[in-house]
Amino acid sequence: MQRQPSVPQQPPPRRATAVRSGPLTWIQQWHWYEHTIPPQRRVNPTPLADHCRVPPSATIADIHAALTTLTERHEALRTTVDALRPVQHVHGADWAPLPLDRVDVPTVDTAALDAATAALAALPIDPVCQPPWRARVLLESGKPRAVLVTVHHVVIDGWGLAVLIDQLYERLCGADVPPESLPHPLDMLAAQSLERARAAEREWLARLGDNPAHVLAPFGGTEDGAGRHRLQYRSADAHDALDRVAAHCRVSPETVVLAALAHDVAARTGEHRFLASVVVSNRARAVWRDSIGVRALTVPVQIDLLPGVPFAEAVASVAAALSAAYRHGQWRPAELVAAQACLDRRRGAVTVPTIEYNCYSWPRDYLVPAYGTAPDGPVAWIDSAPDAPCDTLYVDVSRDAGVLTLDVTVGDHLLDAEEAISLPVRLCGLLRAVADGAHRPVPAQALAPPAPGWWRTPQGWASLPRIADVLREHPGVLDVTVTPSAGVTTQPSETTESGGPHLVVRARVAPGVTADVLHHHLLDHLDEVHGLVAPDRYVLTPTGAALLIPSTTDALPPRPPATRAEQALAVAVAASAPTEPDPLDGPAAVDMNRCLADHGITLVTVPRLLVLLRQFGFTAIASDELAGTASLGHLAAALEPVVPCTPPGGEAAP
């Protein structure tokens, strides 16, 4: 593969080249924050990539002209974003050269397209200093055969990329592109209803608080798994079966696949009520359908399956849940994530959706080239990363050229590699069986018992050994056991005077270690124990006499910053906190016993906070860690001093 001279490195855009600027939409704010997360910790691929074949009559000049025309028509292709503030700038059509280069390849077959698209997707895009896209022409014997396009998610989503590719191909075939400009995310600002967003956020919080935590982990996965698996499975038989089931149930094929996934979770876990987070395009209005601007966000779908009902009735239930959830498709990610962090600390449980589902899928085989793997065989590819965390089960579904493609991303603590590989095979088998007339009722109970040490509390599943391990790490805890309120069981059958079944911590502790101190320590580690349900009772034996002490999470008095790291974090928080409605009265008012969300810090503030921390000489915190439930004292303890750079032959910079 021989690469032609590429476009010179483009200088940062001058503000003077911007023709208009404004805030990022609520949808964009999430993707803007997401691009600050280290790549190995992201669930979604960034950037997105796709390709189209070049008609035989088209030339390099035609490709250049088509991309120039599309850049003039779509302001999203000439949009940059601010590094520290949720602001975007639309530049003039000629503000920068087209980010286009050429690569010579021996042949442009499926394998070459996969490999070239993967190579282009691996190149980072800086939406602060560069156009939010790249394009590459594949040349075979000097003739253009394909155009590859990669885009940044903060401006263009997977649906928008598909629209862009379609319009590029039509232009190369000689079709006229309408001269009018299409809506840009800036044009959506006026349509953002604050009242509707707040209602959607209330719905999200209610559903997160009313669904069991940690549904999948007791029934699979690797103990203490901290990585993730990504894989792809393709089936032609399941594609045809899916069409038949969808026609019989009178719903979309995508709804049927989600119902199959919910059926599988119920069969594995015995849980019939859990939450799914489903991507919607928010493109119901015709004016948005040809726009490439980012519009996709998730909605909370309440899965409620009745045990014993045939699969067709489960499909109808999921279809009704999707319809009810669609009205919650516009919300403010920054505010919701902060509100959820506060909710999780109050509940003592981190609840994430059991399923994340994307039915507006973009081609994802570029992540690991499939090289034309035939469908209905083994998985096309699987990629496992032991140190790349993933909290949930994420499934993409796409249907193209008579093949159903399922892309799965799942945390290793939920499904191990073998279990992850068997999931899409099992889903496609279910579709084929139902298409052939099988009823496949929803199982009433789990097909296998939970792993030892797991217990079902009203809030969800808890790992008793893991809770004990976390508490044992606290200084002054000499010994600890965690048990259900009336012996170890796997079902919450008994009730107590405290209002229901609960966990009891029996700890032998040094003087000064109180129930509230232990409970606070547990809350700081909610993200590490994957949906932990915190105990609501502690039996402490500091002098040998047992004493039942209820925990009261608000009992710890405010703690001002003490160490140098805590002081740096407090200054950064005070500088980043909102000024309304209750401004912080300087760094001394920052409470180390509370989390960032308690101080008004949301996702849109995190990038600036990270920069301030580095200016104050500290690092080692990732942006997604700052969005959780940990207290500021816990976060400060994880900070590390910035190592000064030593130039060659010189002394360390001050």
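A residue is termed buried when its relative accessible area is under 20%, exposed when that value is over 50%, and partly exposed in between, with a 1.4 Å probe and protein chains only. By this criterion, buried residues make up 53% of the 654 residues in the chain. The model is a predicted one, in which local features need pLDDT of at least 70 and side-chain atom pairs count only at pLDDT 80 or more, while totals for chains, interfaces and linings use all residues. Residues are numbered from 1 along each chain as its sequence is written, and side-chain values use heavy atoms, with hydrogens and water left out.

The chain has 15 helices and 23 strands; these are DSSP runs numbered from the N terminus, helices being H or I with at least four residues and strands E with at least two. If contact is taken to mean heavy atoms within 4.5 Å, then residues 24 or more positions apart account for 78% of the chain's contacts with a separation of 6 or more.

The sheets may be considered next. Strands of a sheet pair through backbone hydrogen bonds, either parallel or antiparallel; here two strands are said to pair if DSSP finds at least two bridges between them. An open sheet of 3 strands has the order β2-β5-β4, with antiparallel pairing. Its edge strands are β2 and β4, each of which pairs on one side only, and the twist from one strand to the next averages 25°. Angles of this kind run from 0 to 180 degrees between N-to-C directions, the axes being lines fitted to C-alpha atoms, for helices over the stretch in contact. Within this sheet, β2 and β5 (residues 87-91) are joined in the antiparallel sense over 5 bridges, and Arg20 stands opposite Val90 in β5.

Arg20 also takes part in a side-chain interaction. A salt bridge is a side-chain nitrogen of Lys or Arg within 4 Å of a carboxyl oxygen of Asp or Glu, and the structure holds 17 of them. In one of these, the side chains of Glu75 and Arg20 meet at 2.4 Å, N to O. Because Glu75 lies in the loop between α2 and β4 (79-81) and Arg20 in strand β2 (residues 18-23), the pair ties together parts that are 55 residues apart in sequence. Glu75 is buried, with a relative accessible area of 14%, whereas Arg20 is partly exposed at 27%. Arg20, Glu75 and Asp187 are linked in a network of salt bridges.

The buried residues of α2 are Ile63, Ala66, Leu67, Leu70, Thr71 and Arg73. Seen down the axis of α2, these residues fall within an arc of 165°, so they line one face of the helix; the arc is that of the directions from the helix axis to the C-beta atoms. They pack against β6 (100-104), β7 (133-140), β8 (143-151) and α4 (158-172).

A second open sheet is formed by 7 strands in the order β11-β10-β12-β14-β15-β9-β13, with mixed pairing. Its edge strands are β11 and β13 (381-385), each pairing on one side only, and the twist averages 20° from one strand to the next. Although β11 stands at an edge, 7 of the 8 residues of this strand (residues 297-304) are buried, so β11 is largely enclosed by the rest of the structure. Strand β10 (residues 273-280) runs antiparallel to β11 and is joined to it by 8 bridges; the bridge partner of Arg273 in β11 is Asp304. Strands β14 (residues 393-400) and β15 (residues 403-411) likewise run antiparallel, joined by 8 bridges, and Val397 has Leu406 in β15 as its bridge partner. Helix α7 (residues 253-269) packs on this sheet, touching β10, β11, β12 (355-358), β14 and β15, and its direction makes about 165° with that of β12.

Asp264 is buried at 11% relative accessible area, while Arg426, at 33%, counts as partly exposed.
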